[in-house]
Amino acid sequence: MGDLDARVQALEAKVEELQSRNEIQELRFRYHLAVNEKKPEMIQDLFAENGEIDFAHLGKASGRSRLNTFYQQALSDLVPFVKQFIHNHIITLKGDTGTGLSYLEAKPIFNGESFLVAARFDDEYIRENGQWKFRKMTLVPYFMVPLKEGWAGENRIQMVRK
């Protein structure tokens with residue numbers, strides 16, 4: 001029977017891990033649904049109480065109130081259209097915390113112009129009150145350029161808040 005107990009415990013641990021991975025993937029997908037549908041009110045609940053973002057030159061925010069303000073502004077008329085597409089979401093778990101990496105391809109309109117965006121998200125996750133949340137989301141931009149120019153030039157970061 002000892003072998004059966006060990007096998008059941010191993011299966012329970014694997015099910016827990018798979019469930020956590022699925023919940024974290026859904027967290028990432030819900031984030032992009034909120035951005036793509038321009039529903040900033042959905043975003044702050046995806047973050048831990050002390051959650052934060054570091055979006056390089058686009059800005060930083062920490063705490064739900066500041067995150068809410070950031071996304072209300074970011075998804076306002078400044079960016080009247082944006083569609084984001086996520087690729088290669090990799091998740092590493094360690095108990096009630098984890099990290100993730102995913103690649104972003106985005107098509108926004110910024111200052112009246114179509115842009116091409118490629119970047120990477122580096123995430124930290126935490127299980128808070130039984131739910132997975134973003135602890136920190138970091139954006140590492142590769143290029144943010146007007147569609148008409150492309151990314152072959154030297155200045156690959158042209159999407160800058162004024």
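This is a predicted model: local features need pLDDT of at least 70, side-chain atom pairs count only at pLDDT 80 or more; totals for chains, interfaces and linings use all residues.
Local features need pLDDT of at least 70, side-chain atom pairs count only at pLDDT 80 or more, and totals for chains, interfaces and linings use all residues. Residues are numbered from 1 along each chain as its sequence is written, and side-chain values use heavy atoms, with hydrogens and water left out.

Start with the rings. Rings of Phe, Tyr and Trp (its six-membered ring) pair if their centres lie within 6.5 Å; planes under 30 degrees apart count as stacked, over 60 as edge-to-face and the rest as tilted. That rule gives 11 aromatic pairs. In one of them, the ring centres of F55 and Y71 are 6.5 Å apart and the planes stand at 85°, so this pair is edge-to-face. F55 sits in the loop between β1 (47-54) and β2 (60-62), and Y71 in helix α2 (residues 64-74), so the pair ties together parts 16 residues apart in sequence. Helices (H or I, at least four residues) and strands (E, at least two) are DSSP runs, numbered from the N terminus.

Buried means under 20% relative accessible area, exposed over 50%, partly exposed in between (1.4 Å probe, protein chains only). F55 has 7% relative accessibility and counts as buried. Y71, at 3%, is buried too. For F110 and F115, the ring centres are 5.7 Å apart and the planes lie at 90°, so that pair is also edge-to-face. Both residues, F110 and F115, are buried.

Ring pairs also build a cluster, made of Y31, F47, F55, F70, Y71, F121, Y125 and F134.

Now the core. A nonpolar core is a set of buried Ala, Val, Leu, Ile, Met, Phe, Trp, Tyr and Cys residues joined through side-chain atoms within 4.5 Å. The largest has 34 residues, and those with the most contacts inside it are Y31, F47, I53, F55, Y71 and M137. Elements giving two or more residues to this core include α1 (2-36), β3 (81-94) and β6 (131-146). Beyond its neighbours within four places in sequence, Y31 is in contact (heavy atoms within 4.5 Å) with residues including F55, Y71, F121 and M137.

Last, the strands. Two strands pair if DSSP finds at least two bridges between them. β4 and β5 pair antiparallel over 12 bridges. In their hairpin, 2 residues lie between the strands, and N111 takes a positive phi near 50°. β5 and β6 also run antiparallel, joined by 14 bridges. D122 has T138 in β6 as its bridge partner.
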